[in-house]
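Visitor: Could you walk me through the strands in this one? I'd like to know who sits beside whom.

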Amino acid sequence: MTKKLIPLLFVIAILFQGCKGDDGAPGVDGGTVLGTTFDLTKVNFTSANKYLTSYTFAATSPNVKVLESDLVLIYIYWGEDVLGNKLDAWRLLPQTTFNTGLGTLIYNFDRTATDFSIFLDGNVDYSKLSTDWTSNQTFRVVIIPSDFSSRKSGTVDYSDYEAVKKFYNIDESKIAKYPAK
């Protein structure tokens, strides 16, 4: 019995030895892949700027690199929650409002990999709008890298800023604020 057990143990030991190859080249340091969030404050829409404001991502947030495939969300600050919950109300662009007294007003945006614009749209005469609609507006820009978005399981309602904040762990105390140029 001992003569049969020794070769069997030898074979088992060889099997558990396994194969070992090169460890490979060192990779890039990892860490948490985070997007960028920043506020644009004191944005004014006037006839002089054709009711449009434009920014490059590098000028607003110098360390951000935006790819065509990244998700860029822009929210407009809409005031405090109407129920008095002391929560800031943010609405995803494009945002349409019908209660201007002059027609339909749309806050809209477009973007490329290097820049973005926020502009007024709709069937209203912008020059007749109250300054409540055109002056001192605040916008929150949330950039979510596509690789992070695709790896994050679950779904989120992007129209709900609070849901986006929770889902992507956005720390509002660290949001940079950039006054309009």
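Guide: Two strands are taken to pair if DSSP finds at least two bridges between them, and strands are DSSP runs (E, at least two residues) numbered from the N terminus. This is a predicted model in which local features need pLDDT of at least 70, side-chain atom pairs count only at pLDDT 80 or more, and totals for chains, interfaces and linings use all residues. Residues are numbered from 1 along each chain as its sequence is written, and side-chain values use heavy atoms, with hydrogens and water left out.

Visitor: OK, what is the strand order in the open sheet of 4 strands?

Guide: The order is S2-S7-S6-S5, and the pairing is antiparallel. Strand S2 (52–56) and strand S5 (95–97) each have a single partner strand, so they form the edges and one side of each lacks a neighbour in the sheet.

Visitor: And how many bridges link S2 and S7?

Guide: S2 pairs with strand S7 (residues 115–122) over 5 bridges in the antiparallel sense, and Leu-52 stands opposite Phe-119 in S7.

Visitor: Which strands does S8 pair with?

Guide: Strand S1 (residues 36–43) pairs with S8 over 6 antiparallel bridges, where Val-43 has Gln-137 as its bridge partner. Strand S3 (residues 71–80) is also joined to S8 by 6 bridges, running antiparallel, and Tyr-75 stands opposite Arg-140 in S8.
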